[in-house]
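This report accompanies the structure displayed below.

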Amino acid sequence: MIRRFGTPPESGRTYTLRHGAYAILPLGDQVLLTHQSQPYPEFQLPGGGIDPGESPLHALHREVIEETGWSISTPRRLGAFRRFTFMPDYDIWAEKLCTIYVARPVRQMHDPLEPGHSAIWMPFDLAIDALGNPGDQHFLAQL
């Protein structure tokens with residue numbers, strides 16, 4: 001069974017299953033995070049949804065470059081968790097199945113492509129507290 005973080009599912013509510021791939025990107029004593037300004041400000045692990053027909057690793061590379069502008073190499077799967085949340089960008093309640101990887105940031109190719117996203121380097125201890133969900137916090141604290 002995959003561990004759940006955050007609030008439990010609400011009885012009677014329908015949730016859409018959303019698979020996603022997310023990266024922990026350490027460099028020295030810092031980690032690269034995404035800051036998303038809309039619909040509310042939040043620090044996140046770079047990553048996101050896996051499109052139909054897309055592999056998790058392809059989605060990971062695509063999402064990291066879209067949200068941070070950085071290319072990555074040598075991703076290694078750390079684990080997965082579930083969380084139940086409202087996704088205002090899609091106007092859905094989702095059961096997010098989040099697969100977490102650790103990877104090496106190689107180089108910044110360009111600024112983030114996603115509107116409202118910024119790439120932020122942050123010390124590990126501050127990043128753990130800054131992340132917007134307890135699943136991301138849990139996996140970052142494991143490194």
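## The largest pocket

How much space lies in the largest pocket? In this predicted model, the volume is about 880 Å³. Rolling a probe the size of a water molecule over the atoms shows where empty space is left. The lining of the largest pocket comprises 44 residues. Those that lie nearest its centre are Tyr 22, Gln 36, Gln 44, Met 87 and Lys 96.

Two or more lining residues are given by each of β1, β4 (42-44), β5, α1, β6, β7 and α3 (134-141). Strand β6 provides the largest share, namely six residues. Sorted by class, the lining holds 17 nonpolar, 15 polar and twelve charged residues.

## Helix α1 and its surroundings

Helix α1 covers residues 56-68, 13 residues in total. At 1.5 Å a residue it should span 18 Å, and because its end C-alpha atoms are 18 Å apart, the model agrees with that expectation. Directly after α1 comes Gly 69, with a positive phi near 85°.

Which residues of α1 are buried? They are Ala 59, Leu 60, Arg 62, Glu 63, Val 64, Glu 66, Glu 67 and Thr 68. The cover over these buried residues includes the strands β1 (16-24), β3 (30-36), β5 (47-49), β6 (70-87), β7 (92-108) and β8 (117-123).

## His 117

A polar atom of the His 117 side chain lies 3.1 Å from the backbone oxygen of Pro 115.

Leaving aside residues up to four places away in sequence, His 117 touches Thr 34, His 35, Gln 36, Gln 44, Glu 67 and Pro 112.

## Arg 3 in the segment before β1

Arg 3 belongs to the segment that precedes β1. What does Arg 3 touch, not counting residues up to four places away in sequence? Its partners are Phe 81, Arg 82 and His 138. Arg 3 and Phe 84 are 81 residues apart in sequence, and their C-alpha atoms are 12 Å apart in space.

## Backbone geometry

Most residues other than glycine have a negative phi, and most peptide bonds are trans. Several positions in this model can be read against that background. The peptide bond from Gln 38 to Pro 39 is cis, with omega near 5°. Pro 39 is located in the loop between β3 and β4.

Thr 74 lies in strand β6, whereas Asp 91 is placed in the loop between β6 and β7. With a relative accessible area of 59%, Thr 74 is exposed. Asp 91 is likewise exposed, with a relative accessible area of 60%.

Note on methods. Residues are numbered from 1 along each chain as its sequence is written. This is a predicted model: local features need pLDDT of at least 70, side-chain atom pairs count only at pLDDT 80 or more; totals for chains, interfaces and linings use all residues. Side-chain values use heavy atoms; hydrogens and water are left out. Helices (H or I, at least four residues) and strands (E, at least two) are DSSP runs, numbered from the N terminus. The expected span of a helix is 1.5 Å times one less than its number of residues. Buried means under 20% relative accessible area, exposed over 50%, partly exposed in between (1.4 Å probe, protein chains only). Contact means heavy atoms within 4.5 Å. On a 1 Å grid over the protein atoms alone, a cavity is a set of points where a 1.4 Å probe fits but cannot get out, and a pocket is an open set with protein on both sides within 12 Å along at least five of seven lines; lining residues have an atom within 4 Å of a point. Grid points are joined across faces, edges and corners, and a volume is the space filled by probe spheres set on the points. Ala, Val, Leu, Ile, Met, Phe, Trp, Tyr, Cys and Pro count as nonpolar, Asp, Glu, Lys and Arg as charged, and the others, Gly among them, as polar. A polar contact is a pair of N or O atoms within 3.5 Å; within protein, one must be able to donate a hydrogen and the other to accept it, and residues adjacent in sequence count only if both atoms are side-chain atoms.
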